[in-house]
Amino acid sequence: AWDFAELFALKTGVKDIININNSIDLKDFNFLPINAETNEIVINGNGNTLSNLVISHESFDYVGIFSKVKNITVQGLNVNGFSVNGGQIVGLFAGDVSEEACVISSCICGELTAQSHLGSICGCTDNLVVSNSLIDVSESAIDVIGGVAGMSNTEEIINSIIPPKTLDGIKLFFKKLEFSSNIIKYRHVQI
């Protein structure tokens with residue numbers, strides 16, 4: 001299995017800026033999530049694509065590219081055809097984000113599977129912001145599927161497309177909570 005820490009030469013306890021300057025096909029690699037609990041991560045995709053990413057560790061909790069991270073910002077990145085499978089607290093970019101997760105001008109398409117606390121971007125975070133992005137992810141879990149974040153205190157969805165989903169027979173949609181300037185806040189509702 002490959003390790004993202006080695007791939008991106010991450011250091012511990014700092015603000016890491018990862019520039020992706022070419023599209024990368026990750027077919028035939030199963031990545032290990034990395035613990036960057038004290039790091040602030042910025043991923044600049046520069047319009048490039050990560051395709052065929054596989055992270056499959058169904059017996060582990062906190063599964064994603066990062067298992068735990070302080071803050072993560074992803075901008076200008078396309079992630080297509082990914083498959084992430086974990087135990088509890090699972091998301092594409094991180095299992096747990098202790099402060100804030102931001103996805104800006106990105107396209108995220110793939111599938112996630114977990115036992116509980118599953119979200120397209122992260123399994124758990126204090127605050128989530130999605131701006132000018134498309135998030136189209138198939139999600140499957142036994143308990144607590146949040147859509148964009150498995151659990152979060154606040155979510156801001158700004159000028160983004162997140163199609164309604166049917167998850168194990170339960171249709172989810174985003175209910176508008178409040179509107180101020182051009183920021184719309186939503187919460188996930190089962191119908």
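Is E40 buried, partly exposed or exposed by its relative accessibility? I looked this up in a predicted model, and at 31% relative accessibility E40 counts as partly exposed, where buried means under 20% relative accessible area, exposed means over 50%, and partly exposed lies in between, computed with a 1.4 Å probe and with protein chains only.

**Ground rules.** I number residues from 1 along each chain as its sequence is written, and I keep to heavy atoms for side-chain values, with hydrogens and water left out. Since I am reading a predicted model, local features need pLDDT of at least 70 and side-chain atom pairs count only at pLDDT 80 or more, whereas totals for chains, interfaces and linings use all residues.

**The chain as a whole.** Of the 191 residues, 49% count as buried. The accessible surface comes to about 8700 Å², and 48% of that belongs to carbon and sulfur atoms; these areas come from the Shrake-Rupley method with a 1.4 Å probe, and for residues only the protein chains shown count as cover. I then looked at contacts, meaning heavy atoms within 4.5 Å, and found that among those between residues at least 6 apart in sequence, 80% join residues at least 24 apart.

**Strands β2 and β5.** Strands β2 and β5 run parallel and are joined by five bridges, and I count two strands as paired if DSSP finds at least two bridges between them. Within this pairing, I18 stands opposite I43 in β5.

I next turned to N39, which is found in strand β5, residues 34–44. N39 is buried, with a relative accessible area of 2%, and its side chain makes a polar contact with the side chain of D16 at 2.7 Å. By polar contact I mean a pair of N or O atoms within 3.5 Å; within protein, one must be able to donate a hydrogen and the other to accept it, and residues adjacent in sequence count only if both atoms are side-chain atoms.

**The salt bridge.** How many salt bridges does the count come to? I find one salt bridge, under the rule that a side-chain nitrogen of Lys or Arg lies within 4 Å of a carboxyl oxygen of Asp or Glu. K70 forms a salt bridge with E40, and the closest N and O atoms are 3.9 Å apart. K70 lies in strand β8 (residues 66–75) and E40 in strand β5, so the pair ties together parts that are 30 residues apart in sequence. K70 is partly exposed, with a relative accessible area of 26%.

**Strand β8 and onward.** S67 also has its place in strand β8 and is buried at 11% relative accessible area. The side chain of S67 reaches the backbone nitrogen of N35 at 3.4 Å. Leaving aside residues up to four places away in sequence, I list P33, I34, N35, Y62, A94, G95 and D96 as the residues that S67 touches.

Eight bridges join β8 to strand β11 (residues 94–104), and the two run parallel; here V69 stands opposite V97 in β11. Strand β11 is in turn joined to β12 by eight bridges, again in parallel, and the bridge partner of D96 in β12 is C124.

**Cysteines.** I checked for disulfides, a disulfide being a pair of cysteine sulfur atoms within 2.5 Å, and the count comes to zero. C122 is in no disulfide, and the nearest cysteine sulfur, that of C124, is 7.4 Å away. C122 is buried, with a relative accessible area of 0%, and C124 also counts as buried, at 17% relative accessibility.

**L128 in β12.** My last entry concerns L128, which lies in strand β12, residues 107–131, and is buried with a relative accessible area of 0%. Not counting residues up to four places away in sequence, L128 touches A101, I121, V148, A149, T154, E155 and E156. The C-alpha atoms of L128 and A149 are separated by 7.4 Å, although the two residues are 21 residues apart along the chain.

Definitions and conventions:
Helices (H or I, at least four residues) and strands (E, at least two) are DSSP runs, numbered from the N terminus.
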